[in-house]
Amino acid sequence: MKKIFQIALYSALALQFVPVWASSVNVSASLSTDTLSAGQAAIMTIRFDIPDPWHIYALSDSGKDGTETKLALSLPEGFSSRLEKSQSPIKFKFFGSECDGYKNSAVFSYLICAPKKISADSSGAIKVSAEWLACSDTCVPGSKEMSIPIKLAKSEIAEIGKTPGGYLINLLLSLAGAFIGGMVLNLMPCVFPVLALKAMSFAQSADESYKKRLIGALAYSLGVLFSFIALAWILIGLRSAGQSFGWGFQLQNPTFVALMALLFFAMALSFAGAYEIGSGLSALGISDEKKARNKYLSSALSGVFAVLVASPCTAPFMGSAIGAALTSDASPMEISLIFASLGLGMATPYLLLAAVPRFASFMPRPGQWMEVLKNILSIPLFASAIWLAWVFDKQTGQISTLLASSLIMAVGLRIYGIYSAPHYSKFLRIGAVSAALILSATALCFVSPAEALKPAEVKKIPENAWSPEKLSAMLSKGESVYVDFTAAWCLTCQFNKSILGSESIRKLFEKKNIKMLVGDWTDKNPEILEQLQKFGRAGVPLNLLYSPKSPDSPIVLPSILTKSAVIEAVDKLPQ
């Protein structure tokens with residue numbers, strides 16, 4: 001109470017100097033775009049620049065000494081907003097009391113959503129009201145009112161959807177795109193480990209009856225379909241809870257990435273011969289399905305696994321379909337139908353292989369060659385585990401944690417592989433299983449949601465890192481800008497980097513004086529998500545080429561780049 005009185009006393013004595021001191025804290029607000037169409041979203045960034053030795057208090061002060069910082073937004077009719085990202089406050093002592101607040105700077109991001117319907121082009125303004133208490137040797141209250149003009153554009157897409165016929169055409173096109181995208185997804189590098197599993201499965205089923213092969217394929221297809229629908233409802237639930245997300249959102253979670261890396265590593269060890277997975281573990285779809293106690297359950301769960309590893313890839317035709325599903329005005333039924341179409345597309349090739357008897361005649365009979373193939377297929381599985389470990393390190397800076405977990409798990413699985421053989425005593429076999437379970441559980445504890453999984457506190461921001469402000473500044477200087485929205489967990493993006501980093505493309509950019517910015521979406525970033533949604537994409541990659549002569553209409557390149565596609569886009573730049 002005494003401390004509160006002291007703060008109040010100092011503040012009262014300083015009132016005559018408020019105009020001078022209050023201006024020591026600078027507050028600014030900016031919007032990621034100056035034009036919004038119906039149903040689109042933008043990011044409002046509010047920044048406090050706080051000179052030394054002053055500080056301000058957190059948005060939520062939890063009843064401690066000091067006055068909380070307050071932000072209020074006044075929006076045009078029909079608009080909505082939510083606090084998307086808030087800078088974490090620091091703890092410091094002031095007059096002997098511990099407080100939460102900010103020094104040097106504080107940044108807050110709000111997601112601004114336009115209404116689903118805008119009848120005609122118009123203009124409006126977003127008003128921001130800020131109040132704070134700046135303290136050093138004394139405390140000085142401050143406030144600022146800001147107004148950001150914004151243009152409201154009528155959406156032609158929304159107009160098409162007004163008619164029943166237009167709505168049906170849009171939906172059918174999305175469903176067709178999703179189905180084709182699901183089929184193409186089988187050819188993407190992310191799914192290759194699962195193709196290795198299914199290749200072994202098809203080879204082992206060569207001697208089986210038509211009925212058994214077909215039931216196995218149906219079980220796999222149901223696993224794929226169920227997983228896509230379940231993923232759709234998870235996304236629907238997140239959207240209802242006010243979360244923003246995009247395709248591949250689960251790979252922005254370091255815990256999920258670590259678990260997937262361990263799973264790939266365990267699969268690779270099994271394929272390399274370190275151990276044989278027994279029937280109890282075969283339900284994961286990572287052992288020979290012929291040895292499984294319930295091979296059809298194993299097939300279904302291998303379909304679930306296929307969907308889990310497929311999300312890093314956004315196949316052609318698939319990006320726009322998922323983008324349509326994740327728009328703010330898509331109904332739960334539309335989202336479910338689009339994701340179901342994705343699942344059907346992904347499962348169709350396997351159904352055809354099993355359903356057409358002629359294909360079975362091309363399958364070689366099981367033999368010793370399968371063991372050799374199994375060992376060879378361990379290589380892409382090890383490569384996938386290494387790639388996921390690299391993603392984990394990019395997210396957390398804690399690669400040693402994952403390496404330690406992998407070693408502990410490998411020891412447990414190798415013990416199981418040696419001492420679980422039938423010629424050992426029952427005591428040794430039970431001990432081997434127990435050791436494998438205990439050490440694997442220990443490995444999982446290392447990668448559970450804990451302090452080690454928090455993103456690295458200090459990350460070096462590259463000079464060419466994309467931001468709306470940096471892009472605007474470069475365009476205003478008359479520079480053409482190529483923007484690459486990417487993520488470490490996106491294998492398609494890594495392929496695109498090889499195209500953009502080629503000597504011919506680099507020389508072309510130098511000749512045309514085209515600068516390059518990179519928007520890294522490895523971790524959550526609401527500003528990048530807003531850009532993806534603006535161009536109808538649910539995830540990365542997204543490649544844009546901006547000209548200073550038409551800054552609001554960039555050239556959108558295909559998801560999978562080729563040198564000819566980049567050269568063609570450069571040739572289209574306004575002269």
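What relative accessibility does Glu568 have? The figure for Glu568 is 46%, so this residue counts as partly exposed (buried is under 20% relative accessible area, exposed is over 50%, partly exposed is in between, with a 1.4 Å probe and protein chains only). The views below come from a predicted model, where local features need pLDDT of at least 70, side-chain atom pairs need 80 or more, and totals for chains, interfaces and linings use all residues. Residues are numbered from 1 along each chain as its sequence is written, and side-chain values use heavy atoms, with hydrogens and water left out.

**The whole chain, before zooming in.** The protein chain comes to 19 helices and 15 strands (DSSP runs numbered from the N terminus: H or I of at least four residues for helices, E of at least two for strands). Of its 575 residues, 48% are buried. Take the contacts (heavy atoms within 4.5 Å) with a separation of 6 or more: 75% of them join residues 24 or more positions apart.

**Glu568 and Lys572, a salt bridge.** Here Glu568 pairs up with Lys572, and the closest N and O atoms sit 3.6 Å apart (a salt bridge needs a side-chain nitrogen of Lys or Arg within 4 Å of a carboxyl oxygen of Asp or Glu). Searching the whole structure turns up five salt bridges, and two others get their own views below.

**Asp484 and Lys497, a pair linking a strand and a helix.** Asp484 and Lys497 form a salt bridge with 3.8 Å between the closest N and O atoms. This pair links distant parts of the chain: Asp484 belongs to strand E12 (residues 480-486) and Lys497 to helix H16 (residues 491-500), 13 residues apart. Is Asp484 buried or exposed? With a relative accessible area of 3%, Asp484 is buried. Lys497, on the other hand, has 32% relative accessibility and is partly exposed.

Glu503 is partly exposed, at 48% relative accessibility.

**H7 against H13.** Helix H7 (residues 254-272) packs with helix H13 (residues 399-419) at about 35°, and the axes are 10 Å apart (axes are lines fitted to C-alpha atoms over the stretch in contact, and angles run from 0 to 180 degrees between N-to-C directions). On the H7 side, the residues that meet H13 include Ala258, Leu262, Phe265 and Leu269. Among those answering from H13 are Leu402, Met409 and Leu413.

**H13 and its other neighbours.** The 21 residues of H13 reach 31 Å from first C-alpha to last, close to the 30 Å expected (1.5 Å times one less than the number of residues). Its buried residues, including Thr401, Gly412 and Tyr416, pack against H7, H12 and helix H14 (426-446). Helix H12 (residues 369-396) has 28 residues and reaches 41 Å, close to its expected 40 Å. Just after H12, Gly397 takes a positive phi of about 70°.

**Pro51 in its loop.** Pro51 sits in the loop between strand E3 (41-49) and strand E4 (55-57). Leaving aside neighbours within four places in sequence, Pro51 is in contact with Ser24 and Val25. Val25 and Pro51 are 26 residues apart in sequence, yet 6.7 Å apart in space, C-alpha to C-alpha. Pro51 itself is partly exposed, with a relative accessible area of 29%.
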